[in-house]
Every structure is written in C-alpha cells, then in structure tokens.
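Trainee: I am new to this structure. Please walk me through its features, one at a time.

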Amino acid sequence: MIKKIFSALVLLGVVAMATAQTQAPAQLTELIGKAIANYPKLKEANEYVNLSEARKDLAYGGYMPVISGDASYRYGRPTPSISIPVGPGVTQEVQFIPANNYDMGLKLQQPIWDFGRTDAGIKKSKSEIATSKDNLESAKLMLAYQIAQVYYGIVFLNKSVDVQGEQIKLLEANEKLISDKIKNGDALKFDLLSTQVKKNAAQNRLIDLQTQLKKQYDILNMVTANTGYDYITDRDADGSLFSADAVNVDNNYDIKVLNDKLTTATWDVKIAKRGWLPSLVANASAGYKNGFVPDINKLMFNYNVGVGLNIPIFSAARPNYQTKIAKINLQANTYALEAQKLSLNKDIAQAKNDVSATQNKLQNYELQVQQANEALSLANTRYRGGVITNLELLTAQTNLQDAQLGKIQLEYNLLLSKLELSRMGGVRFW
C-alpha cells in the first residue's frame, strides 16, 4: 500500500514538473490574450464564423414552410355567358366569368420530400462552419506565434543590451587604467585613442540594439494596445517549452482547412447529383375571390389543399455539368491537400535539421565563451604586468563579446526554429 502511494506521489511530481516545463511565461500568455482580444483580423475571422452559422440556418430553411400573402386584380374580356329561358318569350343572360376578377388570400407551400437535397445542403454548410472555425483558430495560432517571436526577440535583445553594456564598462575601466598609465609614463596616447575608438563603436552598437528593441516593442504595442518600451524585463527563455519532436502534420491548421474544403467539395458533388431528383410539396391556400356561380361578382371565402410533384426534365443549369464541375473541384482540393502535406513534411524536416545544427553550434559557442572568459582574465593580468599590449587586451575583450553575442543569437535562432516547428504542428502553448 505504501509503495502504491509512493508511486502515485512520484507520478504526480513528474506530471507537475512536465506541466511546469511546458507552461508559457505569464507575461507572454497575457500579451497573447490582449492581442487576440484586440486584433481586427481575428474579429473579421470571427464574423466569417457567424456568417457560416447564418448560412447553416438558411439551409435549414429548406425544411420550413413558405407562407405568402397574395392579392391580384385582373380585367378580362370577353366574358362567356349563356341565355336561359325563364318564361314564355323571356330569357336571362347568365355570366360564368366576371370581367373584374379579384383574388386575395394566404398561400402555403410545405416541402415534404426532396430526396436529400436539403440535408446535403445542411451538411455542406456545417463543413463550411468547420472551415471558418479552423481559419479563426489558425489566425489565433499564427498571431500567438508572432507575439511569441517578438516577445522572445525582446528577451534576447535585452540580453544583448546587457552584454553590450558590460563591454562598455570594461572599455571604460580600460580607458581609466590607460589614463593612469599615461600619467606614469607607462602607456602611449595611441593606446588611449584605440580604447576610446572601441568604446565609441560599442556605444553605437548599443544604440543599434536599443533601436531594434524599440521596433520590436512597436510591433507588440500595435497588436496588444500596450504602451511603453520597457515592460518586458525577462532575460531568460525556456526552450523546453517548444519541443522539436512534438509535431503532428494532421494538427496543422492549413491541413485542417484543406480537409474541411475537401469535405465541402464532396457535398457539392452530392448536391449536384441530386439535381435530377424530384421534389414533393404540399400546397394550401385560403382567402377571398369572386367568380363563383351564381353570383360571380361577389367575393367569397375559399380554400384548397393539395400535393404537387416537381420532376426535373430539362434545366438550363444542367445538373450533369454541375456534377462535372463539382467533381473537378473535389479532385483539385485533393491534389492541394497532398501538395500541402508534401510541402509541410519538407518544411518540418528542414526545421528539425536547423534545430539539430544550431544545438551543435551552440555547444561550440558555450565552449568558446568559456575560453574567451579565461583568455580575458589572463589578458587583464598580463596587461597589468606590462607583458601584452593594449591592442591584445582589446582583442581579448572583443573576442569575449563576440562569443557572448553569438551565443545569444544562436539561442534565439534555436528558439525560433522550435517555434516554427511547434507552429507547423499546431501546438497551442498558451
């Protein structure tokens, strides 16, 4: 019993750890929520979902009765009549149709059976709803990944700014050290100028990084309605949130949308084939009109009920042509789906190769940063001892900065590749 409890606790711990590892940063989740709530493109896509729902309701209308009010007047001549003898030498003219004809009332048509045309139309409209919803989810997913890309771009730019700031501090300290040495006659003004040139170049790179940072914030502010240029303070990005292996082509929203379109095209074929089938309709009407013998001019209440069968014999729309067009469209959608899968599999393979290559390069950069740190530490000691020149010290500082910035760039590239893989797999991470 104790073993079972212990095993359950271990399992819960593993699940909790896995959940923690796959949880997006709270600030990123909040930014995605704001973007989804504010971005007009998503509102547009949501309206297309509403439009598809309305079309489904319209398709259900094929089962509903049609009630209409009708009123007409018609004057006609001649009016048939006969003369009837009513006494010796006396006749009376009797009219069967009045010259002034009035007809007003309500008419009802109730579909009884249309051999599945309405049902096929409803199912087609449902597949169109699925397409609209998948388009909406695809737009949300694309926006979320764009936000994530910008968010992590800011995170890594912040790290680069920190590295550049540390480089400037090193150069400033180096500048002070050289100034002191010049006073003691142990250094040349050339060394000071070289250091100042390096410092100015580093400050310019810092300005470039800060400008890039503001541009990323501008993009983020546009879609989230946020303001400011400093509300993301993270310096770390957990790459385990996006797995390079958890990619399923069938979850890709482009594939889902094409599958939806394929379903719609299939129903188009079925609807076109049923264009030759008859339809059975119940008819009823009630109202007032004249023309009833014996008093043909008097408006009288009347009603009638019946059933009608409509059998298509010749149609300008030609259901055969419609069927042919629908089948061509179905085949085209099938090929489009196959082509998209081929392209997606290629993109996934390339992205996985990029992930693998970047991971290998990142290991080299981590070693390079470690070596550059050691080299700079030695250079500082040797420079203070007068063993190496200022140029060699500057070279060691630059090598460390290049290694650190290169490592940051590779970490960002690795995260971008994982982001792209997760996007292609339709992974919802927020």
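Mentor: Start with a charge over a ring: NZ of Lys or CZ of Arg must lie within 6 Å of the ring centre and within 35 degrees of the ring normal. Keep in mind that this is a predicted model.

Trainee: Which ring does the charged end of Lys256 sit over?

Mentor: The ring of Tyr253. The charged end of Lys256 is 4.5 Å from the centre of that ring. Lys270 gives another case: its charged end sits over the ring of Trp267, 4.3 Å from the centre.

Trainee: Now rings with rings. How many aromatic pairs are there?

Mentor: The count is ten aromatic pairs. Take Tyr151 and Tyr152, an edge-to-face pair. Their centres are 5.1 Å apart, with 80° between the planes.

Trainee: Is Tyr151 buried or exposed?

Mentor: Tyr151 is buried, because its relative accessible area is 1%, and buried means under 20%. Tyr152 is buried too, at 2%.

Trainee: Why is the pair of Tyr288 and Phe301 called edge-to-face?

Mentor: Look at the angle between the planes. Planes over 60 degrees apart count as edge-to-face. The planes of Tyr288 and Phe301 stand at 65°, so this pair qualifies. Their ring centres are 5.6 Å apart.

Trainee: Which strands hold Tyr288 and Phe301?

Mentor: Tyr288 lies in strand β5, residues 279-289. Phe301 lies in strand β6, residues 300-310. The pair therefore ties together parts that are 13 residues apart in sequence. Tyr288 counts as partly exposed, with 43% relative accessibility.

Trainee: Which residues form an aromatic cluster with Tyr145?

Mentor: Phe429 and Trp430. Together with Tyr145 they make one cluster.

Trainee: Next, salt bridges. How many does a search of the whole structure find?

Mentor: It finds 15 salt bridges. For each one, check the distance, then where the partners sit. Glu30 bridges to Lys34, with the closest N and O atoms 3.8 Å apart. Both lie in helix α2, residues 26-38. They are four residues apart, about one turn of the helix.

Trainee: How exposed are Glu30 and Lys34?

Mentor: Glu30 is partly exposed at 47% relative accessible area. Lys34 is partly exposed as well, at 31%.

Trainee: Which helix holds both Glu44 and Lys41?

Mentor: Helix α3, residues 40-60. Here the spacing is three residues, again about one turn. Glu44 is partly exposed at 34%, whereas Lys41 is exposed at 52%.

Trainee: Which residue does Glu411 meet in a salt bridge?

Mentor: Lys159, at 3.1 Å from N to O. This pair links distant parts of the chain. Glu411 is in helix α8 and Lys159 in helix α4, residues 117-183. They are 252 residues apart. Glu411 is buried, with a relative accessible area of 17%. Salt bridges can also join into a network, and Glu53, Lys56 and Lys133 are linked in one.

Trainee: How do I read the length of helix α8?

Mentor: Compare its reach with the expected span. Helix α8 covers residues 390-424, 35 residues in total. From first C-alpha to last it reaches 51 Å, close to the 51 Å expected at 1.5 Å a residue. Just after α8, Gly426 takes a positive phi of about 65°.

Trainee: What does Ile147 contact, leaving aside neighbours within four places in sequence?

Mentor: Its contacts include Leu28, Leu31, Leu220 and Val223.

Trainee: Where does Ala139 lie?

Mentor: In helix α4. Ala139 is partly exposed, at 28% relative accessibility. Its C-alpha is separated by 9.3 Å from that of Ile36, 103 residues apart along the chain.

Technical notes: Residues are numbered from 1 along each chain as its sequence is written. This is a predicted model: local features need pLDDT of at least 70, side-chain atom pairs count only at pLDDT 80 or more; totals for chains, interfaces and linings use all residues. Side-chain values use heavy atoms; hydrogens and water are left out. Rings of Phe, Tyr and Trp (its six-membered ring) pair if their centres lie within 6.5 Å; planes under 30 degrees apart count as stacked, over 60 as edge-to-face and the rest as tilted. Buried means under 20% relative accessible area, exposed over 50%, partly exposed in between (1.4 Å probe, protein chains only). Helices (H or I, at least four residues) and strands (E, at least two) are DSSP runs, numbered from the N terminus. The expected span of a helix is 1.5 Å times one less than its number of residues. A salt bridge is a side-chain nitrogen of Lys or Arg within 4 Å of a carboxyl oxygen of Asp or Glu. Contact means heavy atoms within 4.5 Å.
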